[in-house]
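Please read this note with the model open beside it.

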Amino acid sequence: IIYIQLSFYLISCNGFSNWSQSKITFLLQAIRNAAAAEEARQMAAVLLRRLLSSAFEEVYPALSPDVQTAIKSELLLIIQMETQSSMRKKICDIVAELARNLIDEDGNNQWPEGLKFLFDSVSSQNVGLREAALHIFWNFPGIFGNQQQHYLEVIKRMLVQCMQDQEHPTVRMLSARAAAAFVLANEHNLPLLKHFADLLPGVLQAVNDSCYQNDDSVLKSLVEIADTVPKYLRPHLEPTLQLSLKLCGDTNLNNMQRQLALEVIVTLSETAAAMLRRHTNIVAQAIPQMLAMMVDLEEDEDWANADELEDDDFDSNAVAGESALDRMACGLGGKLVLPMIKEHIMQMLQNPDWKYRHAGLMALSAIGEGCHQQMEGILNEIVNFVLLFLQDPHPRVRYAACNAVGQMATDFAPGFQKKFHEKVIAALLQTMEDQGNQRVQAHAAAALINFTEDCPKSLLIPYLDNLVKHLHSTMVIKLQELIQKGTKLVLEQVVTSIASVADTAEEKFVPYYDLFMPSLKHIVENAVQKELRLLRGKTIECISLIGLAVGKEKFMLDASDVMQLLLKTQTDFSDLEDDDPQISYMISAWARMCKILGKEFQQYLPVVMGPLMKTASIKPEVALLDTQDMENMSDDDGWEFVNLGDQQSFGIKTAGLEEKATACQMLVCYAKELKEGFVEYTEQVVKLMVPLVRGPEYLTQMWHFMCDALIKAIGTEPDSDVLSEIMHSFAKCVEVMGDGCLNNEHFEELGGILKGKLEEHFKNQELRQVKRQDEDYDEQVEESLQDEDDSDVYILTKVSDILHSIFSSYQEKVLLWFEQLLPLIVNLICPHRPWPDRQWGLCIFDDIVEHCSPSSFKYAEYFLRPMLQSICDNSPEVRQAAAYGVGVMAQFGAESYRPFCTEALPLLVRVIQSPDAKTKENVNATENCISAVGKIMKFKPDCVNVEEVLPHWLSWLPLHEDKEEAVHTFNYLCDLIESNNTIVLGHNNANLPRIFSIIADGEIHEAIKHEDPCTKRLANVVRQVQVNANVFCCKGNHSSFKTYKLSSAIR
């Protein structure tokens, strides 16, 4: 045993290259030695399997062919000789792992003897061998390699035969699990799934039988099918759902089995919602089952005043039922779920048993997100009813009512706050006075936090006095209780409530600052015991949020004391445990202090950066595990798994990841706030953010290392939200670094990635069209498809951003590289494409014209005609992109573009003069058309009769929605005025009132930033008119507000 444990240590240290043939022989001998202890043999089997799994390429090919053959023969022989079932399974795991690795790249199985053993064993009279064959096939259903199609009927016959073995239940269970594994391994092979559909009744029977033998392994396989291949269940969906309902409702089964049965239905509501919506009878029966689980609560006399909050018991029926209800409401939608559940909840809320009232309120909390749209119409009725339960005689019902209020404040924000602020704030403050039930008090404070976080400032201000009064009195009482009794739960939540109120009230919190700050500083200074870490962390957060709210001037009186307390915490607790809650609060507090103090914060960086970099450097534990190992780890808190197929899963321990993300955000904050004051840490930060950065040269070398990582991430990042951020960052970096920041290898890799993204975009659209033809298609499916489409389009915008940054930096030099993408971009602007495709395709060609002319004209055959046709498109977004394109043609295009500017003019005028041109949805497109007309007159005046068009153009001004185009139009207006253009000024300057009105409107709408040079030009125009009193008097026709704005413009 000691030797095997040592071997395990060597394996874990990746010392595989030192493993010799004798070591493998030793493990095989240990496995075969029937006289050895069972534990030692099993450990040897686990070691050998892990060796083959983790280091096959380092170990197995180095063996001679004779030794390889001997090992394979030995393993098959051991299976036949083994008498212990558990040991035989472990040897089968080794065989499956070896077989997995002996399938070559072409799918050839290089262990034909293994396949022969499989066929012989499954037909054997020896039950142990039949079980062994099924176990191997379950563990590696791809064992037939490229011969699978040839053996398909044999495989099916084998599984059917074993599932019909009435004498041996274990054989039936194993065959059902093997059938499920085979289906999962072939999830994309639709003909195979259809061919194997008639195995499902046998699987369902095995699910039922195994559950009553206290075995949930087959049920877990059914959950996996519902998650991964839900369409496989369609031919037998009704019996699948009925079985799940039956098992879920059978109280003779253990809780885990009942929850797994419910999980089948809930998973289908997420993975095949449209399919499940056709079985409303099942949904109608499942909802009461979930509610019944939520009633499964235990009496606990100590609950009301427990000072330590235990984590939710996720194995409990109550938590499982609530989670299932939440997920089903989100999956199926409120249109189906709310009518089914509403009456059940109303009945529960009127039940004399507190458990039912509690469950009813928790159910309301759970369905808010999924039933959002449907609940909004009856929200007034719901809120009035829920608030009554804040006075319920049972504390746990009052707790549930607080939970419902807090959840609705989040789910329906900010409308909830706008409609119910008066009654909700009063009710929660009253509930916070429940001194005899601190769990209720704390949850009322938590609900108040939810409410104030999303409450508009203007709504909260009238309640500040009352809020502060209650919060302060409660804080004082609970601070005394902390000193006398050591209780802290309510104080923790009250401190966070104070922070939330201050954060929303901002400068309006100044009058209350002195009321709270001394007590908060006292807590930080004295709450040093380990059990008070969370309280201390929340108080640090509260102080920093109050400081940010009231501003530097007010906070500076305490800033020095607070900084010293934070520094003391940092130094006194330098050996804080990694999971200490104070760490994340400290990191965020330092960042807020940085925002408050500005440049003065630089002196504290040496103290702050150490713990911050340590947290940002957290490396999560990851593991590639087979199903058996994953099941052994599943009870370990903090691990999440993704099924990779072939009985393998990728696991990541998520503990610390949130803190790591916060730390990275804080580094960004320091860099933004301190700018050059942060410079000595930039290399250290970049080395952390981008692994393997080397070299002393600063910005350029750092960029090259970041560039490699960013480009790689664009190609590999699976999460669309993260991907869009990476693409945005890359585009901004290229804009900053400019020409020369990308080498040939970068361009080659980036071109392939962008091409892949565009091809994926088109493929996803085709797949969505296929889903629209599916028999289960309905309006909820369409909503889901629209969400997918929105996500795809957002990535398309980031492709456009990257191309914009490259065109603006490299200009004509990059066109040859771009041509690999040209067919895909041209496809985007085809008339049959959705409007977002055409919009962003035109934007890309706009950039080419703007930054790559005159060479851009060689692509005119691809984009000019679609661009002109798009000026009058039904979509305002497309019109805007086309109009902008005409504007840059006039401004940057060569002589070749002149005839097209002339052709575009009447189209632009038609859009501008349409009756609904200035409506909210159309105004940006219209303003781009107006700007384009101005650019044609300015840059291509011989294309148009300027004298005829100019008065019309003047009548269309000002622009104030599109700030970029507003600058162009005002600059052109200044050109015309400064050149004393008689058409603009009019006879005897008669048009000056109109001109002043345009300038004043622009000032009113803040169309131009004050720092823009155009602002000075406009001010000069107004000043010049002042010298002529008669002319300036004409301004008297304007409103006093416009006159004031003109004066502001002059100043």
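1. Helices and strands here are DSSP runs, H or I of at least four residues for helices and E of at least two for strands, numbered from the N terminus. The model is predicted, so local features need pLDDT of at least 70 and side-chain atom pairs count only at pLDDT 80 or more, while totals for chains, interfaces and linings use all residues. Residues are numbered from 1 along each chain as its sequence is written, and side-chain values use heavy atoms, with hydrogens and water left out.

2. The protein chain has 53 helices and three strands. Of its 1051 residues, 55% count as buried; buried means under 20% relative accessible area, exposed over 50%, and partly exposed in between (1.4 Å probe, protein chains only). The protein chain exposes about 47900 Å², and carbon and sulfur atoms supply 51% of that area (Shrake-Rupley method, 1.4 Å probe). Where contacts in the protein chain join residues at least 6 apart in sequence, 71% of them link residues at least 24 apart; contact means heavy atoms within 4.5 Å.

3. Most residues other than glycine have a negative phi, and most peptide bonds are trans. Glu 506, not a glycine, has a positive phi of about 55°. Glu 506 sits in the loop between α27 (489–505) and α28 (513–526) and is partly exposed, at a relative accessible area of 38%.

4. Asn 214 also has a positive phi, near 60°. Its loop runs between α11 (200–211) and α12 (217–228). Asn 214 is exposed, with a relative accessible area of 61%.

5. A cis peptide bond links Ala 413 to Pro 414, with omega about -10°. Pro 414 belongs to the loop between α22 (395–411) and α23 (415–431). Another cis bond runs from Leu 957 to Pro 958, with omega near 5°; Pro 958 is in the loop between α47 (946–956) and α48 (963–978).

6. How do α47 and α48 cross, and at what angle? Their axes come within 12 Å and cross at roughly 130° (axes are lines fitted to C-alpha atoms, for helices over the stretch in contact, with angles from 0 to 180 degrees between N-to-C directions). That makes α47 oblique to α48; angles under 35 degrees count as roughly parallel, over 145 as roughly antiparallel, 65 to 115 as roughly perpendicular and the rest as oblique.

7. In this contact, Leu 950, Trp 953 and Leu 954 of α47 meet Thr 969, Tyr 972, Leu 973 and Leu 976 of α48.
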